Amino acid sequence: MNRLRHLALLALLGSTFPAFAQMAPPDPPITIDTHVDIPFTYMREARFDAGKDTPLLVDLGKMERGGLNAAFFVIWVPQHKLDAAGYAKAVNQAEEKYEAIGRMLMMYPDRIRLATSPEQAMANRKAGLLSAMIGIENAYSLGHDLNRLDAAYDRGARYVGLVHVGNNDLCTSSLPDKDNGEPAMNSKGDHGMTDFGRQVVARANALGIMVDISHASDACVHDALAVSKAPLIASHSGARAVLDHPRNLPDDLLRAIAAKGGVIQAVAYKEFLKSDPGREAAEKKLQAEVAHAAGDKEYDSDKHDYLPAMAAGMAKIQEKFPLPTVDDYVKQIRHIAEVAGIDHVGIASDFDGGGGITGWKDASETRNVTAALRRAGFSDADIAKIWGGNLLRVWREVERDAHH
Ligand SMILES: [Zn+2]
C-alpha cells in the first residue's frame, strides 16, 4: 500500500475507531526479560497459579497484555552454610523451583513453552506463544557437585549465576555477609573465585550455559573474565557510575564484559536506580509489622509480600518516598550503552524479587519501557537489540563455543 493511501486509511480508521487515531508504534521483534523470580510455592498455591490473575508481578496474562514475550524464570536459593546440611537444603529448594516451572509449562502449553535455544524463543514468538527460559541464581544450589550443572542443563537451565548475597563455595559476593565476618568487597580478604568456581565456569562453557556475574564481587568478575572462554552476561545489574551501589558494575567492568562479547542486562530494581534511605527504613519497618501481624517472627518475602496489608503499607510509603521511574531506568540503560556499546546492553525486571518501579510496576506495563526508550532517542533498531537481540547473540555464541 502506498503511503498516501495508508495515511488515508489510518485517518478513516481514526475517525471510525478513535483508538486507531494514535496507532501504537510497532513492538520489537522479541522482548526478553532475563530475570524473573518465583516464590517457592509457585504453581502449588492457588494464588500463585500463573495462568490465572495473580498478585504476582509476572503471570501469563500480564505478559500477554504487556507484550513481554519471554522471560528467564529463576532458580534462586538463599545462601546458608557451606556444609552438608546447607548444600542438601539448597539442592531441595532448587528442585521445588524446577518442578514449579515444569508445572506451569505442563498446565499451559497453549500459552507458554520452554525455550532452550535462541531459535526456540524466536519460534515461540512467531507462533504467538510466550517463552519460559530457566536461569540459576546462586550456584550454591549445585550442592558443590559439578554433575548437578550437567543435570541443570538437561532440565533447561541456560545461565548460571555464580553467587548471591553472602560468599559461597564459588565466589565472593558484591554483598558479603559482614555480620558473619566476611570481609568487605575489594578489601584484603576478598579472594574472588575459588577452584570450584573455576570448574563451574569451565563446565558451563563446555555445556553451553551462559555464565552470569550479577551479584558477584568485582574480583570474582575479573576472575570470570579471565577463566571463561565464552562471553559473560550480567543477568540483572546496573552501572555504579550512575548510582554508587556494590551491586552495580563499575565502568571498567562494563567495558571488559563488552570487550569479551558479553551483555549487561540493566535491572529495574529501585535500590540500584535511586538511593533512598528513608524508603528503605520504612520498608523494613513495614516488613517487620506485616510479619508480626501474620504471627511470624521474621519477614519472609514469599509469605508476606503478597498480603493485602503489605500492598496497603507500600502504597503509603510510595506517597512519601516515591519509587524511581522508568525514565530513571532508561538513564542506566543509556549509560551502559555509552560505556559498553549499544550491542552490550539489555533488560531485566527482577520482578517478584524486589523489582518494579513507577511506569514498569509489573509485566503488564512492559510497553512503557519501549516508549521510554523511544523518548530517550533510541531508534527501533537499537530498541530491538536492547530488548533481546543482544542477549540472543550472546546466547548463540555461548552455544557455538560449547563442546558437550
Ligand atoms: Zn538477584
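**Reading the interface and a pocket**

Tutor: Lysine 270 and glutamate 283 form a salt bridge, with their closest N and O atoms 2.9 Å apart; the term requires a side-chain nitrogen of Lys or Arg within 4 Å of a carboxyl oxygen of Asp or Glu. This is a predicted model, in which local features need pLDDT of at least 70 and side-chain atom pairs count only at pLDDT 80 or more, while totals for chains, interfaces and linings use all residues. Residues are numbered from 1 along each chain as its sequence is written, and side-chain values use heavy atoms, with hydrogens and water left out.

Student: Which residue ranges make up domain 1 and domain 2?

Tutor: Domain 1 covers 29–274 + 324–401 and domain 2 covers 277–322, with bounds from an automatic or database domain assignment. Their centres, taken over C-alpha atoms, are 25 Å apart.

Student: How much area do domain 1 and domain 2 bury between them?

Tutor: Buried area is the accessible area (1.4 Å probe) that two parts lose on being put together, summed over both; here it is about 820 Å², 41% of it on carbon and sulfur atoms. On the side of domain 1, Arg47, Lys270 and Glu271 lose the most area to domain 2, together 43% of what that side buries.

Student: How many salt bridges are counted between domain 1 and domain 2?

Tutor: The count between these domains is one.

Student: And how is empty space found?

Tutor: Rolling a probe the size of a water molecule over the atoms shows where empty space is left. A pocket (1 Å grid over the protein atoms alone, 1.4 Å probe) is an open set of points with protein on both sides within 12 Å along at least five of seven lines, and lining residues have an atom within 4 Å of a point. The second largest pocket has 13 lining residues, with Gln79, His80, Asp177, Asn180 and Glu182 nearest its centre.
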